[in-house]
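Open the structure in your viewer and keep the selection tool at hand. We will go from one stop to the next, and at each one you will hear what to pick and what is there.

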Amino acid sequence: MVNSERFSPEAKFTKLPEYEKADLIMCYVSTKEEADTWWLLQKIMQDGKTLTVPRVDGDMMEFYILKDLNQLQPGKFGIFEPSHDCELYIPSGNELMAVPGVKFDNECNRKGHGRGYYDKYFGKYGSRNFFKVALATELQMLPKLENVQPHDIPMDVILTEARTLVRG
């Protein structure tokens, strides 16, 4: 299903029924190559929702509760991550997660930066326990991604400035 409202992916994210219902949001901290989440991080906190953001420890990624954006500091690969005084968050099921990526396709597949952190995270906690929403720009969209592997977890929804794609 495709809906073609013209708003930023981040603004569309806050209009999702899943966002309205959620008390806790899992969200990445964007880099230059990704849809910008800095406004969204502030909005989540202003809306009184608990915000969790990822940090890479070794070859695994975990999410941590962020109480203030000042708790973000440059981490691995120069990506802002929660400081070590933030509390680890263990998902309990049905979490709403904004997922980053470099490329996406019309079948809701995503390609990240190639290190597999999100796929490993979904493998550890079960991908069905998350409502996975990719924030993307139309420039990141392709009709079909090449070399999609069985361990590559598709998104439930992809939001761009021009459309909303919902996985079949």
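Start by selecting Phe122, a buried residue whose relative accessible area is 2%. You are looking at a predicted model, so keep that in mind along the way.

How is the pair of Tyr118 and Phe122 arranged: stacked, tilted or edge-to-face? The two rings are tilted, with 55 degrees between the planes and 6.3 Å from centre to centre. Both residues belong to helix α4, 4 residues apart, which is about one turn of the helix. As a rule, an α-helix has 3.6 residues a turn, so residues three or four places apart point the same way. Tyr118 is buried as well, at a relative accessible area of 8%.

Keep Tyr118 and select Phe63 next. These two rings make an edge-to-face aromatic pair: the planes are 75 degrees apart and the centres 6.3 Å. Where do the two partners sit along the chain? Phe63 is in strand β4 (residues 60-66) and Tyr118 in helix α4 (residues 117-125), so this pair ties together parts that are 55 residues apart in sequence. Phe63 has 0% relative accessibility and therefore counts as buried.

Widen the view by selecting Phe63, Tyr118, Tyr121, Phe122, Tyr125 and Phe130 together; they form one aromatic cluster. Across the whole structure, a search finds 8 aromatic pairs.

Stay with the helix for a moment. Which residues of α4 are buried? They are Tyr117, Tyr118, Asp119, Tyr121, Phe122 and Tyr125. Step just past the end of α4 and you reach Gly126, which takes a positive phi of about 90 degrees.

Next, look for charges over rings. Select Lys132 with Phe122: the lysine lies over the face of the ring, 5.9 Å from the ring centre. Then move to Arg55 and Tyr64, where the charged end of Arg55 sits over the Tyr64 ring at 3.8 Å from its centre.

The next stop is a sheet. Select strands β10, β9 and β12, which in that order make up an open sheet of 3 strands with mixed pairing. Which strands are at the edges? They are β10 (110-111) and β12 (141-142), each of which pairs on one side only. In general, strands of a sheet pair through backbone hydrogen bonds, either parallel or antiparallel. Strand β9 (residues 103-105) pairs with β12 in the parallel sense, over 2 bridges. To see a bridge partner, select Asp105 and then Leu142, its partner in β12.

Finally, zoom out to the whole chain. It has 4 helices and 14 strands. Its C-alpha trace spans about 40 × 30 × 30 Å along the principal axes. For 168 residues, a compact globule would have a radius of gyration near 15 Å, and the chain agrees with its 15 Å.

Colour the residues by burial, and 50% of the 168 residues count as buried. Show the surface, and the accessible area comes to about 8600 Å², with 51% of it belonging to carbon and sulfur atoms. Last, display the contacts: among those between residues at least 6 apart in sequence, 67% join residues at least 24 apart.

Key:
Residues are numbered from 1 along each chain as its sequence is written. This is a predicted model: local features need pLDDT of at least 70, side-chain atom pairs count only at pLDDT 80 or more; totals for chains, interfaces and linings use all residues. Side-chain values use heavy atoms; hydrogens and water are left out. Rings of Phe, Tyr and Trp (its six-membered ring) pair if their centres lie within 6.5 Å; planes under 30 degrees apart count as stacked, over 60 as edge-to-face and the rest as tilted. Buried means under 20% relative accessible area, exposed over 50%, partly exposed in between (1.4 Å probe, protein chains only). A charge sits over a ring if NZ of Lys or CZ of Arg is within 6 Å of the ring centre and within 35 degrees of the ring normal. Two strands pair if DSSP finds at least two bridges between them. The radius of gyration is taken over C-alpha atoms; the globule rule is 2.2 Å times the number of residues to the power 0.38. Contact means heavy atoms within 4.5 Å. Accessible areas come from the Shrake-Rupley method with a 1.4 Å probe; for residues, only the protein chains shown count as cover.
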